[in-house]
Amino acid sequence: WTPILSRWQNGGVSATYTQQTGHYTKIGNMVTLSFKIVVSAIASQGTSLTFIDGCPFTITSGSRETGTGVLSVKTALPNSEVFLPHESNNALIIRDAARANWSSADWVAGAFFGSVTFPLL
């Protein structure tokens, strides 16, 4: 799959990607997604929540926020901490470093690597 930097509202993200790689494994109703994104420049971006778009599986309301994700490199969104599946737009939505709120920080040039596992319900 092709992971894409995105914003929830007011326009997408216009980025220059150096790398966009996504892999998945599906066993039964469990899915593990992994991705590597490297961005050399951000020309423009919308506002509101920050997320990764392009998830190749339909995330239903039953599996919303049921998975667990880990970020190994996050220089493209330094204040991020974890991310979870969300049923709207089949997105991987990101929590801030305090894990208290969904992130609305701006994407910046850098890298964003991670993986998430969740059930398809």
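**Labels and their cut-offs**

Author: Let's start with F35, which counts as buried at 3% relative accessibility. Bear in mind that this is a predicted model, where local features need pLDDT of at least 70, side-chain atom pairs count only at pLDDT 80 or more, and totals for chains, interfaces and linings use all residues. Residues are numbered from 1 along each chain as its sequence is written, and side-chain values use heavy atoms, with hydrogens and water left out.

Reader: What makes F35 buried?

Author: Buried means under 20% relative accessible area, exposed means over 50%, and partly exposed is in between (1.4 Å probe, protein chains only). F35 has 3%, so buried it is. W1 gets that label too, with a relative accessible area of 17%.

Reader: Why is S48 called partly exposed?

Author: S48 comes out at 22% relative accessibility, so it counts as partly exposed. This residue is found in strand β2, and its phi is near 85 degrees, a positive value in a residue other than glycine.

Reader: How do you know what to call a strand or a helix?

Author: Both are DSSP runs, numbered from the N terminus: helices are H or I with at least four residues, strands are E with at least two. On that basis the chain has zero helices and six strands.

Reader: What makes W1 and F35 an edge-to-face pair?

Author: Rings of Phe, Tyr and Trp (its six-membered ring) pair if their centres lie within 6.5 Å; planes under 30 degrees apart count as stacked, over 60 as edge-to-face and the rest as tilted. For W1 and F35, the figures are 6.4 Å centre to centre and 75 degrees between the planes, hence an edge-to-face pair. W1 lies in the segment before β1 (4–27) and F35 in strand β2 (residues 30–53), so the pair ties together parts that are 34 residues apart in sequence.

Reader: And why is the pair of W107 and F112 edge-to-face?

Author: Their ring centres are 5.1 Å apart and their planes are at 90 degrees, so that pair is edge-to-face. W107 is buried at 2% relative accessible area, and F112 is buried at 0% relative accessibility. W1, F35, W107 and F112 form one aromatic cluster.

Reader: How do you know that the charged end of K36 sits over the ring of F113?

Author: The rule asks for NZ of Lys or CZ of Arg within 6 Å of the ring centre and within 35 degrees of the ring normal. The charged end of K36 is 5.7 Å from the centre of the F113 ring and sits over it.
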